[in-house]
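Here are some notes for a colleague opening this entry for the first time. Please read them with the structure in view.

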Amino acid sequence: QSTWGLLKLIMIGKEGKEEHPTAPPAGDPSRSAPEAHHPSDNPLEPMSGDKQQPQCHIFTYESSYKVYALGYSWRPDYPFRFGIGSFLEDKTNKVEIIQLSEEAKAFGKKIVFDHQYPPSKLLWIPDKNGTKPDLLATSGEYLRIWSVNTPHSSVKMKAELKNSKQIEYSAPLTSFDWNIEDPSIIGTCSIDTTCTIWDVEKEVVKTQLIAHDKEVYDMAFANGVHTFASAGADGSIRHFDTRNLEHSTILYESPEQNPFLRVAWNREDPNYLATITMESNKVIIVDIRFPMLPFMELTGHTDCVNSIAWAPISSVHICTAGDDSQTLIWDLSGPGTVRPVGDQLEPMLAYKAEGEVTTLQWPMSNPEWICISFNNKMQMLKV
């Protein structure tokens, strides 16, 4: 699995060795669901019917490198701008900044710069109004903040933030999240079992905590600035409040103690989150009001799921992607949402890529598009 392979690559590079029963989701689907399109209008096709994939609604960027990390820009003055990170088995990797030309109907490469080791994640500052400094963050062996000057095609590293007092060694970062409500806050997670909350404007640690008994593979802020969830190799999903770090809540545990790789909050209804475990084709939906019980399991993939993303403007739609090359959109609303054991929910839309999909983004700045990465390509798909 690509996700696990990247984590091992960073660890090897740094250490020189390998370490071994509820109601349906809230919200009115008729209000919050994305606008429906006829199959001829988008590449994400219904599970039955016309399977044509018109190219005018698929935009593809082909890199010179295998692509893993993918992040979309929020700024309204740079629509359809993305950062993509390479996945090379080498210390020197690349980050490319690309932008779609709506006139040319194609992506153009704007900036390329070096990055030590493959970035495990890449995010732009959540700046909806375009009033803040144009910043890009990447995680690898450190958290790096980059200042981007697109008009002059230049990038300068603004800060290199280490979550350890040891100068020579810092445990690799597996993932991070940029707080939407307060963009001065970034939370990181690491193989050293910790989560760290940073003030990136002051470039200081606000707080650091031991979050799990084993490696922490992902973390995500809920709505607001104080609470977040983390996914650990100890087989648990945990909920933290930075105002009271002496206590945490275990939201869900894997019955088989399988490591959790990803966690994602439903932005429209924060009672729900989604998670995936390592080397599993299932996506688990959890209602945090009823911890320890899966609200639903989505089993439409035939191979490992790598990435999950809730719809930005809907509480009842989620997108998943994995090693079976499929990108699936699910509708969790309406009758039959709470389903009997063994009764499987079918995805409403599907797209087959040319390779294993490693990363998925559903941009809040452009919710009518979904973005995926596979092989050496990044694609934008019309919903």
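1. The largest cavity has a volume of about 750 Å³. A cavity here is a set of points, on a 1 Å grid over the protein atoms alone, where a 1.4 Å probe fits but cannot get out, and lining residues have an atom within 4 Å of a point. Grid points are joined across faces, edges and corners, and the volume is the space filled by probe spheres set on the points. The lining comprises 40 residues, of which Lys121, Leu123, Asp177, Ile308 and Gln361 are the closest to the cavity's centre.

2. Please note the basis of these values. This is a predicted model, in which local features need pLDDT of at least 70 and side-chain atom pairs count only at pLDDT 80 or more, while totals for chains, interfaces and linings use all residues. Residues are numbered from 1 along each chain as its sequence is written, and side-chain values use heavy atoms, with hydrogens and water left out.

3. Which strands each supply at least two residues of the lining of the largest cavity? They are β3 (67-72), β7 (121-124), β11 (173-178), β15 (216-221), β19 (260-265), β23 (305-310) and β27 (357-361). Strands are DSSP runs (E, at least two residues), numbered from the N terminus. By class, this lining has 25 nonpolar, 10 polar and five charged residues. In this scheme Ala, Val, Leu, Ile, Met, Phe, Trp, Tyr, Cys and Pro count as nonpolar, Asp, Glu, Lys and Arg as charged, and the others, Gly among them, as polar.

4. The second largest cavity holds about 40 Å³ of space. Its lining includes Tyr72, Phe80, Arg81, Phe82, Trp369 and Met380. Six nonpolar, three polar and one charged residues make up that lining.

5. Glycine 71 belongs to strand β3. Its relative accessibility is 1%, so it counts as buried (buried means under 20% relative accessible area, exposed over 50%, partly exposed in between, with a 1.4 Å probe and protein chains only). Glycine 71 touches Arg81, Phe82, Gly83, Leu122 and Trp124, leaving aside residues up to four places away in sequence; contact means heavy atoms within 4.5 Å. Cysteine 371 is 300 residues from glycine 71 in sequence, but the two C-alpha atoms are 8.9 Å apart in space.

6. Serine 307 sits in strand β23 and is buried, at 9% relative accessibility. A polar atom of the serine 307 side chain lies 3.1 Å from the backbone nitrogen of leucine 360. A polar contact is a pair of N or O atoms within 3.5 Å; within protein, one must be able to donate a hydrogen and the other to accept it, and residues adjacent in sequence count only if both atoms are side-chain atoms. Beyond four places in sequence, serine 307 touches Ile276, Cys319, Thr320, Ala321, Thr358, Thr359 and Leu360.

7. The side chain of asparagine 266 has a polar atom 3.0 Å from the backbone nitrogen of glutamate 268, and it reaches the backbone nitrogen of aspartate 269 at 3.0 Å. With residues up to four places away in sequence left out, asparagine 266 touches Tyr272, Leu273, Trp310, Ser314 and Ser315.

8. Threonine 193 is not a glycine, yet has a positive phi of about 80 degrees; it lies in the loop between β12 (185-190) and β13 (194-199) and is buried at 17% relative accessible area. Methionine 292 also has a positive phi, near 80 degrees. Methionine 292 is in the loop between β21 (283-287) and β22 (294-298) and counts as partly exposed, at 37% relative accessibility.

9. Glutamate 203 is in the loop between β13 and β14 (204-210), and is partly exposed with a relative accessible area of 35%.

10. For cysteine 189, the nearest cysteine sulfur is that of cysteine 195, 5.5 Å away. Cysteine 189 is buried, with a relative accessible area of 0%, and cysteine 304 also counts as buried, at 11%.

Terms used:
1 Å grid on protein atoms, 1.4 Å probe; cavity = no way out; pocket = protein on both sides within 12 Å on 5 of 7 lines; lining within 4 Å. Helix = DSSP H or I, 4+ residues; strand = E, 2+ residues; numbered from the N terminus. Disulfide = S-S within 2.5 Å.
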